[in-house]
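Take a walk through this protein with the structure open beside you. Find each residue as its name comes up.

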Amino acid sequence: MSDSTATVDDLDARLEKHRVELTGYCYRMLGSSFEAEDAVQDTLVRAWRSYDKFEGRSSLRSWLYRIATNVCLDMLNAGNKRARPMDLSESTPLAKAALSPRPDNTWLEPMPDARVLPTVEDPAEAAVVKESVRLAFMAALQQLPPKQRAVLILREVLAWRASEVAELLDTSVASVNSALQRARATLAERVDSGAEAAVSDPLDEEQQKLLERYVAAFEGYDMSALTALLHEDAIMTMPPFDLWLTGHDDIAGFMTTIGSACEGSRLLPVQVNGLPGFAQYKPDPEKGGYTPWAVQVLEISDGRLTGFHFFLDTERWFPLFGVPLHLEAEADQVEQGE
């Protein structure tokens with residue numbers, strides 16, 4: 001192997017080491033799983049091409065964040081703000097429920113934990129990082145102007161010093177501090193602390209049992225058992241549809257009418273947005289077994305489910321989460337194992 005090949009391989013490895021944390025940063029900035037991964041790929045390509053101009057005046061990590069920030073700010077110039085259904089309209093009563101889709105670029109997208117959360121030894125630090133990708137916080141971030149968003153993420157989530165952020169953004173420390181104050185004020189209005197998912201890391205025994213009861217109730221399609229697990233103001237969303245429901249009566253009513261095809265579903269656990277979740281499969285009447293239907297993200301607070309969100313674009317989500325695009329029926333699996 002030549003020296004130049006060794007140098008290229010070494011640079012590739014050094015850049016690749018930062019992929020997960022950069023993806024987390026770009027995801028918080030953009031609110032989109034796929035745009036975040038595109039932004040990171042663009043960042044690493046730009047870094048690779050211009051490495052000979054990198055003079056080491058800052059760390060490689062800081063330089064990569066500068067490139068990633070510029071990539072994200074360019075992508076955000078179109079002004080699109082990703083949102084959840086409840087950010088865009090009032091709750092729909094069951095009697096008026098209708099499935100009206102909006103374009104993909106409307107919605108805040110789910111993200112597997114493994115793609116955005118670097119391994120962190122300190123449990124307190126790990127908890128903060130997980131909270132920073134939860135849906136409510138992500139939705140609030142999207143309401144901030146792009147530069148305020150960058151300042152808040154760098155200062156509050158990644159714990160950069162104001163002087164480091166000022167250097168990255170080519171601005172003054174005073175300007176960074178002012179942007180941070182405004183961003184904090186906006187977030188305080190947007191994030192209802194009472195509605196925040198209070199999920200411990202790892203799940204405590206009570207939360208684990210709640211999830212087990214949820215799986216049993218959902219797979220058994222037992223609405224009375226499911227209702228008993230829901231907070232009275234629980235919210236259900238289903239992007240790309242703008243419909244959202246609130247309250248266990250309307251949720252159970254929807255699931256036994258418009259959503260009745262979900263009866264007989266199977267759930268596989270996934271880790272998504274720092275929260276527990278499931279890949280949901282519906283019975284497949286044509287092929288047998290089960291076909292993908294949704295990635296579910298569950299929010300838990302005070303021993304009840306306060307929100308469950310169904311992301312329905314399974315052709316995109318299931319490969320991203322590394323789960324199969326078809327499940328065999330249990331009888332088939334037993335036969336194959338014999």
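Leaving aside neighbours within four places in sequence, Glu109 is in contact with Tyr27, Gly31, Ser32, Ser33, Phe34, Arg82, Asp104, Asn273, Arg316 and Trp317. Contact here means heavy atoms within 4.5 Å. This is a predicted model, where local features need pLDDT of at least 70, side-chain atom pairs count only at pLDDT 80 or more, and totals for chains, interfaces and linings use all residues. Residues are numbered from 1 along each chain as its sequence is written, and side-chain values use heavy atoms, with hydrogens and water left out.

Where does Glu109 sit? Its place is in the loop between helix 5 and helix 6 (113–116). Helices (H or I, at least four residues) and strands (E, at least two) are DSSP runs, numbered from the N terminus. Is Glu109 buried or exposed? Glu109 is buried, with a relative accessible area of 2%. The word buried means under 20% relative accessible area, exposed means over 50%, and partly exposed lies in between (1.4 Å probe, protein chains only).

On a 1 Å grid over the protein atoms alone, a cavity is a set of points where a 1.4 Å probe fits but cannot get out; lining residues have an atom within 4 Å of a point. Grid points are joined across faces, edges and corners, and a volume is the space filled by probe spheres set on the points. How many cavities of 30 Å³ or more are there? The count is two.

The largest cavity holds about 90 Å³ of space.

Now move to the second largest cavity. Its volume is about 60 Å³. The residues around it are Ala83, Arg84, Pro85, Met86, Leu108, Leu135, Thr237, Pro239, His309 and Phe311. Helix 5 (85–88) and strand 6 each supply at least two residues of this lining. Its classes are seven nonpolar, two polar and one charged.

Thr237 leads on to the strands. Strand 1 (residues 230–238) and strand 6 (residues 304–311) run parallel, joined by four bridges. Two strands pair if DSSP finds at least two bridges between them. Thr237 stands opposite His309 in strand 6. Which residue in strand 2 is the bridge partner of Thr237? That partner is Trp244. Strand 1 pairs with strand 2 (residues 241–246) in the antiparallel sense, over four bridges. These two strands form a hairpin, with two residues between them.

Strand 2 also holds Asp242. Asp242 counts as buried, because its relative accessibility is 18%. Apart from neighbours within four places in sequence, Asp242 is in contact with Pro85, Ser89, Ser100, Arg102 and Trp107.

Next comes helix 14 (residues 248–255). Its buried residues are Ile251, Ala252, Gly253, Phe254 and Met255. Their cover includes helix 12 (205–219), helix 13 (223–229), strand 1, strand 2 and strand 6.

Look now for the cores. A nonpolar core is a set of buried Ala, Val, Leu, Ile, Met, Phe, Trp, Tyr and Cys residues joined through side-chain atoms within 4.5 Å. The largest has 69 residues, and those with the most contacts inside it are Tyr25, Cys26, Met29, Leu152 and Phe321. Helix 4 (residues 60–76) gives the most to this core, with ten residues. A second, separate core of 32 residues includes Phe218, Ala252, Ala294 and Ile300.

Finish with Leu60, which lies in helix 4. Leu60 is buried, with a relative accessible area of 10%. Leu60 and Arg14 are 46 residues apart in sequence, and 8.7 Å apart in space, C-alpha to C-alpha. Beyond neighbours within four places in sequence, Leu60 is in contact with Arg14, Leu15, His18, Tyr51 and Phe54.

Definitions and conventions: 1 Å grid on protein atoms, 1.4 Å probe; cavity = no way out; pocket = protein on both sides within 12 Å on 5 of 7 lines; lining within 4 Å. Nonpolar A, V, L, I, M, F, W, Y, C, P; charged D, E, K, R; others polar.
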